[in-house]
Amino acid sequence: MAPPQLVDVTGVDPVDELHEGAVRFGQALTEAVQHRVRAADGVVGRACRAGLDSSAAVVLAADAGTVDAVTSTAPVLV
């Protein structure tokens, strides 16, 4: 897998609507996660804390390969 690269975003057109931005973000996230799964020959592991971010990553990864996931919850500090 290639090392991470900086991306020049100065040429990226801004969006006028939240929905359009959400769609573009979703596509970019999907491509990034699935690229990592394919680079790992389709099998990855993920330790999750059952939050939305890690849950979304696991679902996207599972569409591209096999995911061995372990979930846990963090204690709530009051």
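Is Thr 66 buried, partly exposed or exposed? In this predicted model, Thr 66 is partly exposed, with a relative accessible area of 43%. A residue counts as buried under 20% relative accessible area and as exposed over 50%, so the value for Thr 66 lies in between. Thr 66 belongs to strand S2, which spans residues 66-71. Apart from its neighbours within four places in sequence, Thr 66 is in contact with Gly 42, Val 43 and Val 44. The C-alpha atoms of Thr 66 and Val 44 are 6.3 Å apart in space, although the two residues are 22 residues apart in sequence.

The protein contains two helices and two strands, and along the sequence these follow the pattern α-β-α-β. Of the 78 residues, 13% are buried. The accessible surface amounts to about 6500 Å², and carbon and sulfur atoms contribute 59% of this area. Among contacts with a separation of 6 or more, 42% are between residues 24 or more positions apart.

Helix H2 covers residues 52-62, and its buried residues are Ser 54, Val 58, Leu 60 and Ala 61. Viewed down the axis of H2, these buried residues fall within an arc of 165°, so they line one face of the helix. Leu 52 and Val 59 are exposed on the other side of H2. An α-helix has 3.6 residues a turn, so residues three or four places apart point the same way.

The segment before helix H1 (18-39) includes Val 9. Val 9 is exposed, with a relative accessible area of 57%. Together with Val 7 and Val 12, Val 9 forms a nonpolar patch on the surface, and the accessible area of the three residues together is about 290 Å².

The loop between H1 and strand S1 (43-48) contains Asp 41. Most residues other than glycine have a negative phi. Asp 41, which is not a glycine, has a positive phi of about 60°. The relative accessible area of Asp 41 is 72%, and the residue is therefore classed as exposed.

Notes
Residues numbered from 1 in each chain as written. Predicted model: local features only at pLDDT ≥ 70, side-chain atom pairs only at ≥ 80, totals over all residues. Heavy atoms only, no water. Buried < 20%, exposed > 50% of the residue type's maximum accessible area, 1.4 Å probe, protein only. Helix = DSSP H or I, 4+ residues; strand = E, 2+ residues; numbered from the N terminus. Arc of directions from axis to C-beta. Contact = heavy atoms within 4.5 Å. Areas by Shrake-Rupley, 256 points an atom, 1.4 Å probe, with all protein chains shown as cover. Patch = residues over 30% accessible without salt bridge, like charges linked within 9 Å, V, L, I, M, F, W, Y side chains within 5 Å. Salt bridge = Lys/Arg side-chain N within 4 Å of Asp/Glu carboxyl O.
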